[in-house]
Amino acid sequence: MNPLFRPFYWSYRTTGGLWHWARRRFTKGGAAVVVALFITGAVGVDIENTMTYQVFALLLALLLFSFFFSFGFSGKFSATRRLPRVGTAGQPMCYKIVVKNFTAENELSLTVLEDLSDPRPTFAEWLAFNHAEDRRSAFRVSQKKQRNPFRLANVKNAELPPLPAHGEAEASGEIFPLRRGVLRLQGVTVARPDPFGLYRAFKKISAPQTVLILPRRYALPSIALPGAMRYQEGGVALAANVGSSEEFVALRDYRHGDPLRHIHWRSWAKTGKPIVKEFEDEFFVRHALVLDTFDEEPNSEVLEEAVSVAASFACTILTQESLLDLLFVGNQSYCFTAGRGVAHADQMLEILASVKNCPDKPFIALENLVLNHVGVVSGCICVLQRWDDARRKFVEKLKAVGVPLLVLIVMPNGGGISGAGGMFADAEGTIHILEVGKIEEGLARLK
């Protein structure tokens with residue numbers, strides 16, 4: 001069946017490329033002239049009974065003049081961006097662009113356009129998305145179309161102030177990231193309109209850069225997270241040193257029976273009597289944040305929202321005196337620990353920004369990873385993408401070993417969840433449904 005879809009795919013690529021080219025080349029006035037040109041061309045076919053063809057000829061002459069005028073743009077420029085290190089999906093990212101003029105002419109009315117990497121998918125990605133969209137439409141109550149999942153960001157054109165000869169000028173750029181991940185900028189285009197302001201002449205500048213876009217985060221209410229303090233072998237330093245040592249508290253005089261390895265030799269040299277180090281066991285809260293990445297569609301809205309929910313909890317937990325273990329499955333099983341000096345929230349968010357879907361492994365891979373880890377955690381927060389028999393059994397196993405749970409199930413908007421056959425039994429109130437498009441409202445209802 002794949003060869004039958006290739007003409008549609010190439011039609012999609014061609015149409016998308018032409019639309020992108022037209023939006024950049026024509027100003028708003030130029031776009032209006034093009035529309036009027038097609039209308040007058042269709043109406044003015046009958047030249048014996050209408051004079052519209054004269055308007056068509058005038059509009060065509062204006063566009064041709066604007067087009068040929070663009071060949072006279074011979075400027076030479078360089079551009080430097082001052083980008084932030086990271087951005088956040090759903091929030092505008094502002095930065096500065098410095099453009100230098102290497103000619104002896106003053107340049108006016110220039111616009112700076114960003115050249116992002118081509119967002120158009122490969123044939124396999126396009127085909128997988130359309131098949132997934134067909135499956136969703138069969139169950140969707142509302143026929144609202146999903147936004148283009150391949151579009152990474154919206155870019156606002158930057159107006160450049162007058163650029164003096166052999167001088168430079170600074171413009172304010174703005175990018176609105178739509179999705180997390182690496183945003184690649186290939187270059188900058190300096191555009192100058194013709195005297196009529198219809199068509200732009202371009203000068204492209206190569207300026208490759210990348211920005212990491214962090215996941216969208218939601219505000220969480222004040223909720224009591226599952227679990228309480230428990231003993232952590234190795235204490236706060238468990239991430240740096242593997243061993244069974246306790247946490248150092250203070251120095252005290254030697255008592256009969258104290259192990260020699262606890263003697264503090266420097267203090268003995270100063271005081272002239274044996275001094276030992278006193279330790280105590282370290283008790284603190286350690287949460288497991290389990291992220292379900294098992295999805296066949298690489299650009300699924302459900303997966304994106306699941307990552308955003310996980311990022312929201314990661315930021316909240318890491319502001320407390322606790323440890324957080326992020327567990328998910330990608331090419332392999334991963335466990336990242338942060339908190340209490342081990343790592344920071346920014347590092348956890350950068351990890352979540354790079355999480356990919358896992359289409360070729362069974363859910364039991366995540367189950368085994370979590371069950372092997374629950375012995376050291378105080379509680380478990382599970383962010384799941386659906387509710388089926390495998391995930392129900394996974395939650396039941398965690399409850400059976402006595403792990404306090406908070407389960408969040410991210411579902412498509414209007415997808416619903418089945419409660420038949422005991423599939424969704426939650427007497428403890430630990431399982432909550434979050435719908436795409438209503439995530440923030442769903443999180444606000446948590447207690």
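Residues are numbered from 1 along each chain as its sequence is written, and side-chain values use heavy atoms, with hydrogens and water left out. Because the model is predicted, local features need pLDDT of at least 70 and side-chain atom pairs count only at pLDDT 80 or more, while totals for chains, interfaces and linings use all residues.

**Overall composition**

The secondary structure comes to 10 helices and 18 strands; helices (H or I, at least four residues) and strands (E, at least two) are DSSP runs, numbered from the N terminus. Of the 447 residues in the protein, 43% are buried, where buried means under 20% relative accessible area, exposed over 50%, and partly exposed in between (1.4 Å probe, protein chains only). Among contacts with a separation of 6 or more, 74% are between residues 24 or more positions apart; contact means heavy atoms within 4.5 Å.

An open sheet of 5 strands is ordered β2-β9-β8-β4-β6, with mixed pairing. Two strands pair if DSSP finds at least two bridges between them. The edge strands, β2 (86–88) and β6 (158–160), each pair on one side only. From one strand to the next, the twist averages 45°. Strands β8 (residues 181–193) and β9 (residues 200–214) run antiparallel and are joined by 12 bridges. Thr189 has Lys204 in β9 as its bridge partner. Helix α7 (residues 345–353) lies across β2, β8 and β9, and runs at about 120° to β9.

**Helix pairs**

Two packed helices are described by the angle between their axes and the distance between the axes. Axes are lines fitted to C-alpha atoms, for helices over the stretch in contact, and angles run from 0 to 180 degrees between N-to-C directions.

| Helix pair | Axis distance | Angle |
|---|---|---|
| α2 (residues 28–43) and α3 (residues 52–69) | within 8 Å | roughly 145° |
| α6 (residues 301–317) and α7 | 10 Å | about 170° |
| α8 (residues 364–371) and α9 (residues 389–400) | within 10 Å | roughly 10° |

The angle between α8 and α9 makes these helices roughly parallel; angles under 35 degrees count as roughly parallel, over 145 as roughly antiparallel, 65 to 115 as roughly perpendicular and the rest as oblique. Glu367, Val370 and Leu371 of α8 form this contact with Ala390, Phe394, Lys397 and Leu398 of α9. By class, the contact has 5 nonpolar, no polar and 2 charged residues. Here Ala, Val, Leu, Ile, Met, Phe, Trp, Tyr, Cys and Pro count as nonpolar, Asp, Glu, Lys and Arg as charged, and the others, Gly among them, as polar.

Helix α8 also holds Asn368, which counts as partly exposed because its relative accessibility is 38%. The C-alpha atoms of Asn368 and Ser333 are separated by 9.6 Å, although the two residues are 35 residues apart along the chain.

Helices α6 and α7 pack at about 170°, which means that α6 is roughly antiparallel to α7. In α6, Val307, Ala310, Ala311, Ala314 and Cys315 meet Met348, Leu349 and Leu352 of α7. This contact of α6 with α7 divides into 8 nonpolar, no polar and no charged residues.

Helix α2 passes α3 in a left-handed crossing, a term for a near helix turned anticlockwise from the far one by less than a right angle, with clockwise being right-handed. Val33, Val34, Ala36, Leu37, Thr40, Gly41 and Val43 of α2 meet Thr52, Val55, Phe56, Leu59, Leu60 and Leu63 of α3. The residues of the contact of α2 with α3 comprise 10 nonpolar, 3 polar and no charged.
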